[in-house]
Amino acid sequence: MDQPIRIAVMGATGCGKTTFVNIASRSNLQVGTSLQSCTPDVQLANEFTLDGRRVVLIDTPGFDDTTKSDTDILRNIATFLATSYKNGSRLAGLIYMHRISDERFTGIAGRNFKIFRDLCGEKSLKNVVLVTNMWGRVSVGVGEDRERELSSDFLKPALDKGAQMVRHHNNEQSAHHIIRRIMNNHPVVLQIQHELVDERKDVVNTAAAKAINAELEEEKRRHEAEVKKAQEDIARALREKEEQTRRRIEEEKTRREEELRKAREERERIELQRRQEVERVEQEARRFEEQARAGRERAEEEHRRQVAMLNEHLAAVAAAAETARQVMEQQINHLHHQVQQHSGGSCMIM
Ligand SMILES: Nc1nc2c(ncn2[C@@H]2O[C@H](COP(=O)(O)OP(=O)(O)OP(=O)(O)O)[C@@H](O)[C@H]2O)c(=O)[nH]1
Ligand SMILES: [Mg+2]
């Protein structure tokens, strides 16, 4: 009897893998209801028939699990794939699910897809269908814009190597339409199966594990770069603060110096005014003194002149008195002489 067609469904945690598997296969695998990751291990859905072919879908735990590391998830998927390959079963293809409602494909979504690509290997990409779901959560315009961006940018390298991109509308018909896209492919050997079984590599040395490590390294590097940048920002902020403080002190110093200069100029101006005033007062005093001295000299001169006049007058009076005295003395002598002559010498005038 023919082997059933086996298709693995992969993608980030919570992207709707189990829901897709349940709808397509009418299984009842547990679907997540909270933010917690749901499917812990690889699990097989009920076998179902599509276009007369038996199909088995393989549900996988999602990367970016809330409780397990990506390395643990990879180990889980890798172990299953290696065992199946050893047992002679091949995958007809892989479905990689992505929520169109996710705003970006960078960061975690981009990292998950890189792990998936390294798990498949380039040659298997023609057996891959990239499924976008959750279209009901965005407007048609936004969804179509994102779909265009995905196909022309993030998913382009995979599409160029033969991967297909299909929308899923969360119903059985849509799920079967997607499965039909790969069910007739030649089964593939995934890169990780080749690495683990043919090359006997340990899972940690596979390309997918290296992608995880590279991503961890990159995250570490990014983290270190962020820490370094934060430190630089702090140092710069401190320098700027210091510079601001220095400038403020400088401005304060300049302001104080300016105030001091103005105060000094004001003091000098007042001092100059005071000296001019003193000089003016001294000049005034000298002028008064000069006037007083001239007045005094004039008064003395007048005094001397008057004394001289007085002396002259007194001398004239004295001379006149002397003259008068001499005249009187002559008159007396004359009279005396006359008396002597008349009395012959016996008559006395009493
Ligand atoms: N609107 C909408 N919701 C969906 C769709 N597919 C899944 N969901 C919801 O998304 C949530 C997660 O779905 P799951 O199928 O458990 O996702 P998963 O990828 O299996 O998650 P893990 O097992 O944790 O990796 C559930 O609440 C689903 O009902 C879809 O196409 N449209
Ligand atoms: Mg699940």
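In what sense do strand β3 (residues 48-50) and β4 pair, and over how many bridges? I began my notebook with this point, keeping in mind that the model is a predicted one. I found that β3 and β4 pair in the antiparallel sense, over three bridges.

I then followed β4 (residues 53-59) to its other partners. Strand β1 (residues 5-11) pairs with β4 in the parallel sense over five bridges, and here I noted Arg-6 standing opposite Val-56 in β4. Strand β2 (residues 43-44) runs antiparallel to β4 and is joined to it by two bridges, with Leu-44 opposite Ile-58 in β4.

Next I turned to the record: an unreviewed UniProt entry carries the annotation "domain: AIG1-type G" for residues 6-86. Over residues 6-86 I read 32% helix and 22% strand, with the end C-alpha atoms 15 Å apart.

My last entry concerns helix α2 (residues 70-86) and helix α8 (residues 207-342), whose axes come within 10 Å and cross at roughly 170°. Angles over 145 degrees count as roughly antiparallel, and α2 and α8 are therefore roughly antiparallel to each other. Where the two helices meet, I listed Asp-70, Thr-71 and Leu-74 from α2, and Ala-208, Ala-209 and Ile-212 from α8. The residues of this contact divide into four nonpolar, one polar and one charged.

Methods. Residues are numbered from 1 along each chain as its sequence is written. Chains are lettered from A and ligands numbered from 1 in the order in which they are written. This is a predicted model: local features need pLDDT of at least 70, side-chain atom pairs count only at pLDDT 80 or more; totals for chains, interfaces and linings use all residues. Axes are lines fitted to C-alpha atoms, for helices over the stretch in contact, and angles run from 0 to 180 degrees between N-to-C directions. Helices (H or I, at least four residues) and strands (E, at least two) are DSSP runs, numbered from the N terminus. Angles under 35 degrees count as roughly parallel, over 145 as roughly antiparallel, 65 to 115 as roughly perpendicular and the rest as oblique. Two residues are in contact if their C-beta atoms, placed from the backbone, lie within 7 Å. Ala, Val, Leu, Ile, Met, Phe, Trp, Tyr, Cys and Pro count as nonpolar, Asp, Glu, Lys and Arg as charged, and the others, Gly among them, as polar. UniProt positions are given in the numbering used here, feature names are shortened, and annotations may be inferred rather than shown by experiment. Two strands pair if DSSP finds at least two bridges between them.
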